[in-house]
Amino acid sequence: MSIWKKSFSLEGLNNGMKNTLCEHLQMHVTEVGDDYVIGTMPVDSRTTQPMGLLHGGASVALAETLGSLAANLAVDQTCYCVGLDINANHIQSMKSGLVTAKASAKHIGRSTQVWEITLQDEAGRLVCISRLTMAVKRISG
């Protein structure tokens, strides 16, 4: 059973990233399941640190992007979600290729949500694991 409360398309989600950090880093949503969102980001000169490894901040940017997007799909039209806290454990380095992230809901409440985002390299090895806590806000009107 799907947790999503808003209608969407992959094209619409990706179009929403235009003129943002997401577009600059070439993040793309590639799949949305009943309770998860998957996206990718290339590991290249825009996303690496001076030693040529995937920048931890780029990993966190991808994690927060997917988790925030998912959180906002999981609330009805009277609410929106904003980031409250994020942490990340960097497990393995990457020098090139495509990193794939999967955001999965761990808690969806009335005032908060918790999302786990795992990042993997092209061989399926865990690169980073992140936990994102979102605050659920009401649209005042």
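## Salt bridges

Asp 44 and Arg 46 are joined by a salt bridge in which the closest N and O atoms lie 2.3 Å apart. The structure described here is a predicted model. Asp 44 is partly exposed, its relative accessible area being 23%, and Arg 46, at 30%, is likewise classed as partly exposed. A search of the whole structure returns three salt bridges. Side chains of opposite charge can pair when their charged atoms come close.

A further salt bridge joins the side chains of Glu 116 and Lys 106, with an N to O distance of 3.9 Å. This pair links distant parts of the chain, since Glu 116 belongs to strand β5 and Lys 106 to strand β4, 10 residues apart. The 3.9 Å separation qualifies because the criterion for a salt bridge is a nitrogen to oxygen distance within 4 Å. Glu 116 is partly exposed, at 29% relative accessible area, whereas Lys 106 is exposed, at 54%. Arg 125 and Asp 121 also form a salt bridge, their closest N and O atoms being 2.7 Å apart.

## Asp 121 and the loop between β5 and β6

Asp 121 is placed in the loop that runs between β5 and β6. Its relative accessibility is 9%, and Asp 121 therefore counts as buried, the threshold for that class being under 20%. Arg 125, the salt-bridge partner of Asp 121, is partly exposed, with a relative accessible area of 45%.

The side chain of Asp 121 takes part in two kinds of polar interaction. With the side chain of Arg 125, it makes a polar contact of 2.7 Å; with the backbone nitrogen of Ala 123, the distance is 3.0 Å. When neighbours within four places in sequence are set aside, the residues in contact with Asp 121 are Gln 92, Met 94, Leu 98 and Val 127.

## The largest nonpolar core

The largest nonpolar core contains 36 residues, and within this core Trp 115 and Leu 119 touch the most other members. The elements contributing two or more residues are β2 (36-43), α3 (56-73), β3, β4 (97-108), β5 (112-120) and β6 (126-138). Helix α3 supplies the largest share, with nine residues. In soluble globular proteins, nonpolar side chains tend to be buried together.

## Gln 113 in strand β5

Gln 113 is located in strand β5. With a relative accessible area of 0%, Gln 113 is buried. The side chain of this residue is joined to that of Trp 115 by a polar contact of 2.7 Å.

The surroundings of Gln 113 include residues from several parts of the sequence. Not counting residues up to four places away, Gln 113 touches Ala 71, Ala 74, Val 75, Cys 81, His 107, Ile 108, Leu 132, Thr 133, Met 134 and Val 136.

## A nonpolar patch on the surface

Tyr 80, Val 82 and Ile 139 make up a nonpolar patch on the surface, and their accessible area together is about 250 Å². Val 82 is located in strand β3, which covers residues 79-90. The relative accessible area of Val 82 is 32%, so Val 82 is partly exposed.

## Residues with positive phi

Most residues other than glycine have a negative phi. Asn 19, which is not a glycine, has a positive phi near 60 degrees. Asn 19 is placed in the loop between α1 (10-15) and α2 (21-24). At 74% relative accessible area, Asn 19 is exposed.

Gln 26 is another residue, not a glycine, with a positive phi, in this case about 60 degrees. Gln 26 is found in the loop that lies between α2 and β1 (28-32). With a relative accessibility of 38%, Gln 26 counts as partly exposed.

How values were computed
Residues are numbered from 1 along each chain as its sequence is written. This is a predicted model: local features need pLDDT of at least 70, side-chain atom pairs count only at pLDDT 80 or more; totals for chains, interfaces and linings use all residues. Side-chain values use heavy atoms; hydrogens and water are left out. Patches are made of residues with over 30% relative accessible area and no salt bridge: like charges are joined within 9 Å, nonpolar side chains (Val, Leu, Ile, Met, Phe, Trp, Tyr) within 5 Å. Accessible areas come from the Shrake-Rupley method with a 1.4 Å probe; for residues, only the protein chains shown count as cover. Helices (H or I, at least four residues) and strands (E, at least two) are DSSP runs, numbered from the N terminus. Buried means under 20% relative accessible area, exposed over 50%, partly exposed in between (1.4 Å probe, protein chains only). A nonpolar core is a set of buried Ala, Val, Leu, Ile, Met, Phe, Trp, Tyr and Cys residues joined through side-chain atoms within 4.5 Å. A polar contact is a pair of N or O atoms within 3.5 Å; within protein, one must be able to donate a hydrogen and the other to accept it, and residues adjacent in sequence count only if both atoms are side-chain atoms. Contact means heavy atoms within 4.5 Å.
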